[in-house]
Amino acid sequence: VSPRRLADVFANLRRNRALGRVEVGFLLATMVEWGGWLALIVYAFSRGGAAEAGLIGFAVGLPAILVAPTAAILGDRHPRSRVMFTAYGSQAVAFMAAGVAFMLGEAAVGYGLGIVAMALIALTRPLLASLLPEIARSPEELTAGNVASGLGEGFGALGGSLLAGVLFALAGAPFVLVT
């Protein structure tokens, strides 16, 4: 993306504050997703090596695959912005509870809550895709929203992984989930 076009994207996001807020929320949620996923895998590896990490990686991914198709249904039956907000809040609670469970030595409970959090994350992409046309006021804004979503996905993965690494160094995987 050229610098001029990138400037146009950000100008559209500034003009449509709702669109800008949704995109910032998605960036932060993507950071949480990557940090949470890494924390679960690192915790599993520290407990049981590659076998446990692989098992948890699979267990985290499977429910997410099954949950994603229901997001469109929820977004059709309820206001999409409310469903998105509820999904983000529920993810935060589930991740924090998973971190606390790990801190208390309750690995099975922590893994279960981590899996729930990751399944809730699977709701956000389909909801975002259906929410953007609702809040964009023009084709240019919709295009800007889609570009910003792609950028948010990339920067969220990078930023979430980097932040998780710093938090791992400070206090370990459960701390990543709690914060």
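This is a predicted model: local features need pLDDT of at least 70, side-chain atom pairs count only at pLDDT 80 or more; totals for chains, interfaces and linings use all residues.

Biologist: At what angle do helix 3 and helix 4 pack?

Modeller: About 165 degrees, with the axes 8 Å apart; axes are lines fitted to C-alpha atoms over the stretch in contact, and angles run from 0 to 180 degrees between N-to-C directions. Helices here are DSSP runs of H or I, at least four residues, numbered from the N terminus. The two are therefore roughly antiparallel, the word for angles over 145 degrees.

Biologist: What kinds of residues make up the contact of helix 3 with helix 4?

Modeller: They divide into 16 nonpolar, 4 polar and no charged. Nonpolar covers Ala, Val, Leu, Ile, Met, Phe, Trp, Tyr, Cys and Pro, charged is Asp, Glu, Lys and Arg, and the others, Gly among them, are polar.

Biologist: New topic: is Thr 30 buried or exposed?

Modeller: Thr 30 counts as buried because its relative accessibility is 1%; buried means under 20% relative accessible area, with a 1.4 Å probe and protein chains only.

Biologist: And what does Thr 30 touch?

Modeller: Leaving aside residues up to four places away in sequence, Thr 30 touches Arg 125, Gly 152, Glu 153, Gly 156 and Ala 157, with contact meaning heavy atoms within 4.5 Å. Thr 30 itself is in helix 2, residues 17-77.

Biologist: Which residues of helix 4 are buried?

Modeller: Among them are Ala 107, Gly 110, Tyr 111 and Gly 114.

Note on methods
Residues are numbered from 1 along each chain as its sequence is written. Side-chain values use heavy atoms; hydrogens and water are left out. Buried means under 20% relative accessible area, exposed over 50%, partly exposed in between (1.4 Å probe, protein chains only). Angles under 35 degrees count as roughly parallel, over 145 as roughly antiparallel, 65 to 115 as roughly perpendicular and the rest as oblique.
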